[in-house]
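Hi,

Here's the structure I said I'd pass on. Have a look first, and my notes follow below.

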Amino acid sequence: WVLNVAGGLFTVFFLTMLTRTIPVEDYATWVLIVRYVGYFSIPAVVYSYWLPRNISRGFNTARTALYAALAMGAVSVPAYLAVTRLVSRSLEEPWAPVAIASAILFLEYLNAFLTSLSYGYSPKIFGWGQFAFKAFQALSGFALVAFLLLGLTGAVLAVLVGRAALVAVMGYMNRGMIMASRYQPEVLRSWLTCSWIPLLGSLTCLVYWLDILIVAFIFNDTLPIAYYGAAMAILALPLFATSIANVLYPKILAGKGMDEIREAAWLTLLFSVPFTLFFIIYAEPIVALLGPAFLPAAWPLRAFGVSTVFQLLAGVAVVTYMGMERSDITTATPEVVMRSVFFKNNMVGLAANIFYIATLFALSGMALGPIGFTTAWGIVMAASNLITLSLLVFYLKRDFRLAFPVMPVIKDLGRLVLPSIPLIAVAYFWPTLPVQSTGLMLGTLVLNAVIFGAVYIPLLAVVSKKYRESRVFSINALRDILKKPSR
C-alpha cells in the first residue's frame, strides 16, 4: 500500500501534466484506448485465475502460465488491430496512438502473469511493479508530452514505457519462482478445459466495460468520458486499498485468516475513506489542477468517490467468498462447478453489471447535460457496487454460515465520516475557490490537506477506539522494525 501511495504521486504528476497539455477530447480518446486494451486482455484470465491458487498451495505452475501469456498475447495483438481500426474510424479517433497501444496489450498479458504469480506468494512484488510503472510513465510522459509535445501519441508511448518497466521489475523479482518451475502441458490443458469458468467471470467485466462505449455511441459526447477518466484517475489513491484485501486472499485459501476479515474491512476503510472525504470536500480545487476544462468534473468526482468506497468493501467480500472454495474446480464435474463459489461469484457480478449497464443505457437516452449525466453515472456505479456487496454478504451467510461484519463496518464507516463534518461545514461557508495558477492552487491544496489532517486525525482518535488500537499497534510494529538487534 505504501508503494502504491508513493507511486500515486507520480500518477498525480502525470495526470496533471497530461490534462493541462492535451485537449479534453484527446484525453477522452486516451481513456478509450486504455479501455480497448482492457477488452482484448480478457483471455489472460485463463491462466491468471488459476495461478495464484496453485502457487499459494505450493504447486508451482509459473512457467506454464508464462508460456500461455506469451502465446495469447501474440494472438490478441492482430485481433486488436483489426477491430480497433473499425471502431476508431467510427469515432473519428487518430489511428497512430490506437495502433501503438497494441504493444501495451502484449505487455498486459505478461503483467497479468506476473501479478497473479506475485499474489500467490509475495503480494509486495506487485507494489514494487506498480511503483516502477507509475514512475517511468510519469518521467517519460514529461519528456514525450510536455517537452517534445507529442500529444496523445506521447501519452500512449509513456504508458508503454511504464508497462515495460513494470514487466522488467516484476519479472526480475519473480525470476526465482519462474526458474524453479517447469512447463506442464497437462496443467495448461486443464486450465483450457475449465477456461469457461474464469471467462464467465470476464464476461461480467466485459459487460461492465461497455459503459464507455455506450456513452461514446449512445450519449454521443466524449465530455462525460473525459470527466469519468479524470475522476477515476484521482480516485486511484483510495483504490490502492484493494491491496489489503489481496493480502487476505492467500490466507483464506490456506484455511487461515478467517478472524482477519473484520480487520481487513477496517483497514480498507481506514486507508480509503479519509482520502475520499478529502476529495469530496475539496473537489473543485482538485479538478482545477487538471485544467479549466475539467472544472465541471467536481460533482462527478464526488459521486464516483462514494462508489469507490462501496467498490472496496465489495472487494473484501469477493476475496472472502472466493477464498472459501476448497474443491479443485479444474477436475470437478459441470454440476459441481455450477454449485461452486466461482460460478456464484460470477453470477453476482454479472447481475450487478447488467443492472449498471442497463441503467446507464437508459440514462444515455435522457436529456441530461454532460455534468448531470456523469454525476448520475457515478451514482449508478455506486448502486451497482452496493448490489454486489449485498449479494455476497447473503451468499457467505447461506453457503458457509459466515457472517460478514456488516454492522461493525457500518459503525466504522460512520466513525470515519463523523470527524469530517466540521471540515465540510467550513468548506461550505468558506469554499476554496479555483485559480488559474497551478502552483498557487497546489499550494492551497497542500495547506488544506495539512488542516484536514490536523483536524480530522485527532477527532478520529476521539470517536474511534478501533483507530486508537490500530495506531498503537502500528507504532509498536514500527519500533520493532527500527529496533537494533541486541548483541
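**What turned up**

Let's start with Ser41, which sits in the loop between helix H2 (24–40) and helix H3 (45–48); helices are DSSP runs of H or I, at least four residues, numbered from the N terminus. This is a predicted model, so local features need pLDDT of at least 70 and side-chain atom pairs count only at pLDDT 80 or more, while totals for chains, interfaces and linings use all residues. Residues are numbered from 1 along each chain as its sequence is written, and side-chain values use heavy atoms, with hydrogens and water left out.

Is Ser41 buried or exposed? Ser41 is buried, because its relative accessible area is 14% (buried is under 20%, exposed over 50%, partly exposed in between, with a 1.4 Å probe and protein chains only). A polar atom of the Ser41 side chain lies 3.0 Å from the backbone oxygen of Gly38. Leaving aside residues up to four places away in sequence, Ser41 touches Leu105, Glu108 and Tyr109 (contact means heavy atoms within 4.5 Å).

Next, the inside. The largest nonpolar core has 147 residues (buried Ala, Val, Leu, Ile, Met, Phe, Trp, Tyr and Cys joined through side-chain atoms within 4.5 Å). Helix H6 (residues 95–121) gives the largest share of this core, 12 residues. Trp30 is among the residues with the most contacts inside the core; not counting residues up to four places away in sequence, Trp30 touches Phe14, Leu18, Leu152, Ala155, Val156 and Val159.

Lastly, Val426 belongs to helix H24 (residues 421–429) and counts as partly exposed because its relative accessibility is 45%.

Cheers

Terms used. Helices (H or I, at least four residues) and strands (E, at least two) are DSSP runs, numbered from the N terminus. A polar contact is a pair of N or O atoms within 3.5 Å; within protein, one must be able to donate a hydrogen and the other to accept it, and residues adjacent in sequence count only if both atoms are side-chain atoms.
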